[in-house]
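Please look over the model shown here. The report below covers its core, one group of strands and the confidence of the prediction.

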Amino acid sequence: MFITKDFYNQTIVTYHEIIPLPPFFVTDFRNRFPERIWLTCNQHLASTFCYVVILLLQHHDLSLHEFVATSTYEKLDHIVYMKTFHHYHVLVFEINSCKKMSPLTVHTKSGPIKGIKKKTCYGDEYISFQKIPYAQNPVNSLRFRAPIPHEPWKETLDCSSEGPVAFSWNNYVHSVVGNENCLHINIFTRNIHPKHLLPVMVYIHGGAFMRGSSSILIYGPDYLLQKNIVFASFNYRLGALGFLSLKNPELNIPGNAGLKDQNLALKWIKDNITQFGGDPENITLFGESAGGASVHFHMISPLSKNLFSRAILMSGCVYNNWAVVPDKNWAYRLAEKLGADNEVLKSDTAILNFLETIEGEKIVIAQEKILTEEEKLDQFMAAFGPIIEPYSQKDSFITSDVVQLGESAWGKNIPILIGGCSNEGLLWFKEIKDETFVKHQNLEHFVPLELRTGDWLKVASTLKYFYFKDKELNIECKEMFVTLMGDRNFWHGFYRALLARLQYSKNIPTYLYRFDIVSPSLNHHKLMFADESAPGACHADDKSYLFKTAMGRAPDTNSKEYQAMQKMVSLFTKFAITGDPNGNESGIKNWMPIKDENNLECLNMKIDHFEVIPLPEMERMKIWNQIYENFKSF
C-alpha cells in the first residue's frame, strides 16, 4: 500500500484506496480526461504509470499554488491536474514507475551537467538530462527581446529533473502556469559513448504559440528511445512574452523572440550534442501544429541555415493561415487591456516601459482577453505569434512574406516528411453548436483574411456551395462543417506547401502521410475535443503514437495500438536516420516521394494497416487552390 503525507505529516491518501470525491469534481475531471484513467488507481506500480488523487482540506488559508510550492511529496513526480473546490484542494499526481539510478555527468561547452539513468515504460534504459539552460533568464531589460546565450558555468548543474514551463494560460488547470525562467533544453539518450554517433531528433512543441511545453508528461521519450537515436526538446517563450512586436527600431523588439529562442536552442544542441552521443551532422527537426509551423519557419529563415539536415512537419506549416499573425496593433491593445493610460499609449517606448513593469502572470491573463468577438468569428486563433518583422537587423528571423521566401529558402534542399490527421477539424467539434450556424450562415467569416480583396464575398458563396450545396446550415451539417474547418485551417496549407516543394525542390524527397488511426484509448485529443463516434483522427492525435503521455496509458504490447505505434516510430526514426522512411520494422517499402501535383499519393495510416493511396482530400484541395489562384497571387 502506497501512503504519502503532506507537509503537516498528515496521511492523505493510500495507493489502493481513493477518497470519495464530490460529483462536481468527478464531472470536471472526466471532461478533461475522458478515458477515465483516474479510475485505474488500483494498478500495480510496475505498470506504465498511475494517478493518485489527493483531496486536501485547506490549511492556514494557503492558496492552491502556495500549498503546492511549500509541499513535498516523495515519489510523486508531476502534478497532472489541480483545482480548488469550495474548502478542498484537489491535486492529481503521476507516479513515475521508471526507476531512478545513478547520476551521470556530461561536460558541455557551457559547463558540466548531471543527468540520471531511467527506464522507459517498456524497460529500455536511457539517460535523462533536463532543465539544461541555453539562454539567460529573459527578464527585466531582456523581456520581449531576442535571447542572449547563457553564460558558462563551472559548478556541475543538476539536470535530473524537469524545469519550469513558459508562462502561459493552462486550460487544464484554468490558471496561469510557468515561469519566465523557462529557456531550457531536455536531452534523452541511450548511450553517451556509442561506438558511432547516433542520429538526433529535435522536437518543437505546439500550442498556437500561446501555450504548451516540452514536458515529458506530454512528450515522454519512451517510444522513440526504443530506437538508436538521441531525442531532444526545449521550451521557448510564448504569447506576448515571446512574440510582442514594436515598430520603433531603437527599442530592438521587432518580434519573433520565441522563434529566436528556438534558433538559439538549436545552435546549442548542434554545438553540444556530440557529448550526448549524437551526430551534429544528422539532426532531424520535427514538430506538430505550431511546432510544425516552427520547423517550416526555420527552413526559410537564414538564421537557422544548416542547423538540421531533415525535417518533419506534423499538422503545421508556414502556409497555414494562422501561422503568421496579422498586424493588429497588439502591443497597444495589450497595454490598454492592462490599464495603461492615454499618455502611455502614445509611443512604443512608453508602452515598453509600462509592460516591463507588469508581472508575467498579468500579461498572460490579459493576452487571453485581447481578441474581439469579430476577430474570434474570423477564426483568429491568437493575438501573438510569428510576424513579418517591421524592420531588418542582424538577428531578423522573418522580414518578408513567407510564401515569397519559399523560392530562396535554404530548407528547399533538405528532405522532408509532411502530413496531417484525417479529420483535423475535430479540434472544434464540441464548440460547434446550433448558434454556430446562425453566426456563420453565409460563411463570410471563413474567408481567409489574405483573400479579402475585391469581390471577396464570392469566396464565401463558393465555399458554401461546394461544402453544403443549397442546404440551410444547421446542426445536421456539423460533420461537413468540421471538414471545412480542417481544410481551411490545416489541409490546404499542407497542400500549398506540397506545391511549393514540387516547384522549388524538384529533386529533393518530400514524403506525404495521412494519419487516420482511430482508437478508443490512444486518440487522446479526439477523446478530449470530439466524440468517439466522429469519423477520423483529430488534430494532434498522431502525437500519442510517438510520445508517451499522461493523458492515457501506454498501449499493451499485444494491442493493435502498440503495433500502430511501433510502425509510426519506425517510419519517423528511419527517416531521421537515413532520409528514407521505407524498410526496417515498419514493413513499408513503396512509399515514394511526391512527384505529380495532380496525383498526390500519401501513406495512409490506419490502426491495422498502412498503405499508399491517392490523397483523399485532393478534390477539396483543388477547389481551395482555384479560390486562391482567383483571389490571391500564389
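## Core, strands and confidence

Beyond its neighbours within four places in sequence, Phe234 is in contact (heavy atoms within 4.5 Å) with Tyr134, His184, Ile185, Val202, Tyr203, Ile204, His205, Ser214, Gln262, Ala265, Leu266 and Ile269. A second, separate nonpolar core has 41 residues, among them Tyr126, Phe515, Ile517 and Leu546. A nonpolar core is a set of buried Ala, Val, Leu, Ile, Met, Phe, Trp, Tyr and Cys residues joined through side-chain atoms within 4.5 Å; buried means under 20% relative accessible area (1.4 Å probe, protein chains only).

This is a predicted model, in which local features need pLDDT of at least 70, side-chain atom pairs count only at pLDDT 80 or more, and totals for chains, interfaces and linings use all residues. Residues are numbered from 1 along each chain as its sequence is written, and side-chain values use heavy atoms, without hydrogens and water.

Strand β19 (residues 601–605) has four of its five residues buried. Strands are DSSP runs (E, at least two residues), numbered from the N terminus, and two of them pair if DSSP finds at least two bridges between them. With four residues between them, β19 and β20 form a hairpin.

The mean pLDDT (the predictor's confidence in each residue, from 0 to 100) is 86, and 83% of the residues reach 70 or more. Over residues 32–52 pLDDT stays under 50, and residues 66–78 also stay under 50. Where pLDDT is low, the predicted coordinates should not be read in detail.

Notes:
Buried means under 20% relative accessible area, exposed over 50%, partly exposed in between (1.4 Å probe, protein chains only).
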